[in-house]
Amino acid sequence: MSNTRRSKRVHPGWYFGGFVLAVPAAAALTVLLWPQLFGLQRVFPFAQAVSFRMVATLSLVFALVILGLLLVPSRRLRGLLAAGTVVVAVATIASGAVVLSRGVNAVLAPTGADGSVRVLAWNTLGNEPGSPTIADLALEYRADVVMLPETTQDMGLEIAGLMKAEGRPMWVLSNTGAPGYRAAETTLLVSVELGEYELNESLGDTEKLATVIAEPVSGDGPTLIATHPIAPVHREMAVWNRDLEWLSTVCRGDTIIAGDFNATLDHLAGLADADVPGAQLGACRDAALDAGAASVGTWPSGRAPLVGTPIDHVMYTSQWEVTGFEVIARGELDGSDHRPVFAELSLTTNHE
């Protein structure tokens, strides 16, 4: 009997080997899932790896199931894989907690509060949905501000004409990073009810894809910024970093900024004003995070929202608070690879 018991023991070397394997696995998962701990959130390839946090979490769940199945038949495998399984389990729980804490609720019904500003942002993939679709969506959501990366001025004028015909006249302001290239142009529509707005080109711009900065002529009202930083592909990482850093400098004062940031909240780590509670970029808060929807993906539109990446944002300074929010996911809006994002922003109770 004693010989049988001895034969079933697992040699300590298997546990040691498992520990040796678990240490680099823990280090790798930490760097991939929380690159901001090491200042790598905007460094290739870590920026790309952390973009799809829900996909990473689901992949960890799958890995945990496989490890669990491997542990059953063999004591030696249990010795070898036990520590690694614990590492994967901890990483799964921690990453899942981040997803849930940021929120998976795609809709916060707007209150219709007096004095609110209703913002619609949509990267249109170079005008692809067409002016009737964009105008109908803006009218449906009663948008006061429509921020449209990859949308030309001509398309903006068409949209404004359709909205005016429905009793919703809009100012149209555009900027382009490369004339003749639709994807480099950004257009901003502002309801005439908010007063006249004009371009401010003195603050700079994103380098290759355009950002529109508009300020009220009367000086009464928020600065409106429709933005489109470059995507973080390998050859453009330096430009992407500079774009985001520049945006952190203009998100100040009384500002509403929206568009395709090509960045998740993980990427924005370190770009917030430390003196502004709750800020994510400069002095700006993120509407999706405040609405409990910051884990809902906006790109690509062909994927289910919870497995996409949330790179389209509406942000605002402390004069405002979010009282409505939606990542708009509908089949008839498939003309673009991005989902539109809507936010209702209301003046805070302590605003003078």
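E236 is buried, with a relative accessible area of 10%. Buried here means under 20% relative accessible area, exposed means over 50%, and partly exposed lies in between (1.4 Å probe, protein chains only). The model is a predicted one, so local features need pLDDT of at least 70 and side-chain atom pairs count only at pLDDT 80 or more, while totals for chains, interfaces and linings use all residues. Residues are numbered from 1 along each chain as its sequence is written, and side-chain values use heavy atoms, with hydrogens and water left out.

E236 has a charged partner. Its side chain meets that of K208 in a salt bridge (3.0 Å, N to O). The term stands for a side-chain nitrogen of Lys or Arg within 4 Å of a carboxyl oxygen of Asp or Glu. K208 lies in the loop between β6 and β7 (212–216) and E236 in the loop between β8 (223–227) and α8 (237–250), so the pair ties together parts that are 28 residues apart in sequence. K208 is partly exposed, at 38% relative accessible area. Helices (H or I, at least four residues) and strands (E, at least two) are DSSP runs, numbered from the N terminus.

The structure holds 11 salt bridges. Another joins D266 and R102, at 2.9 Å from N to O. This pair links distant parts of the chain: D266 sits in the loop between β9 (255–260) and β10 (285–286), R102 in helix α5 (residues 75–102), 164 residues apart. D266 is buried, with a relative accessible area of 2%. R102 also counts as buried, at 17%. R53, R102 and D266 are linked in a network of salt bridges.

E193 and R168 form a further salt bridge, with their closest N and O atoms 3.6 Å apart. E193 is in the loop between β5 (185–191) and β6 (197–199), and R168 is in the loop between α7 (153–165) and β4, 25 residues apart. E193 is exposed at 62% relative accessible area, whereas R168 is buried at 16%.

Now the strands. Two strands pair if DSSP finds at least two bridges between them. Strands of a sheet pair through backbone hydrogen bonds, either parallel or antiparallel. Here 7 strands form an open sheet in the order β1-β12-β13-β2-β3-β5-β4, with mixed pairing. β1 (107–108) and β4 (170–176) are the edge strands, each pairing on one side only. Within the sheet, β2 (residues 117–121) and β13 (residues 341–347) pair in the antiparallel sense over 5 bridges. R118 has E344 in β13 as its bridge partner.

Turn to strand β11 (residues 312–316). Of its 5 residues, 5 are buried. Both faces are covered: D312, V314 and Y316 lie on one side, H313 and M315 on the other. β11 pairs with β9 in the antiparallel sense over 5 bridges, and A258 stands opposite V314. β11 also pairs with β10 in the antiparallel sense, over 2 bridges. There, D286 stands opposite M315.

F62, in helix α4 (residues 53–71), is exposed, with a relative accessible area of 56%. V61, F62, V65, I66, L69 and L70 make a nonpolar surface patch of about 540 Å². Patches are made of residues with over 30% relative accessible area and no salt bridge; like charges are joined within 9 Å, nonpolar side chains (Val, Leu, Ile, Met, Phe, Trp, Tyr) within 5 Å. Accessible areas come from the Shrake-Rupley method with a 1.4 Å probe; for residues, only the protein chains shown count as cover.

Last, confidence. pLDDT is the predictor's confidence in each residue, from 0 to 100. The protein's mean pLDDT is 92, and 92% of its residues reach 70 or more.
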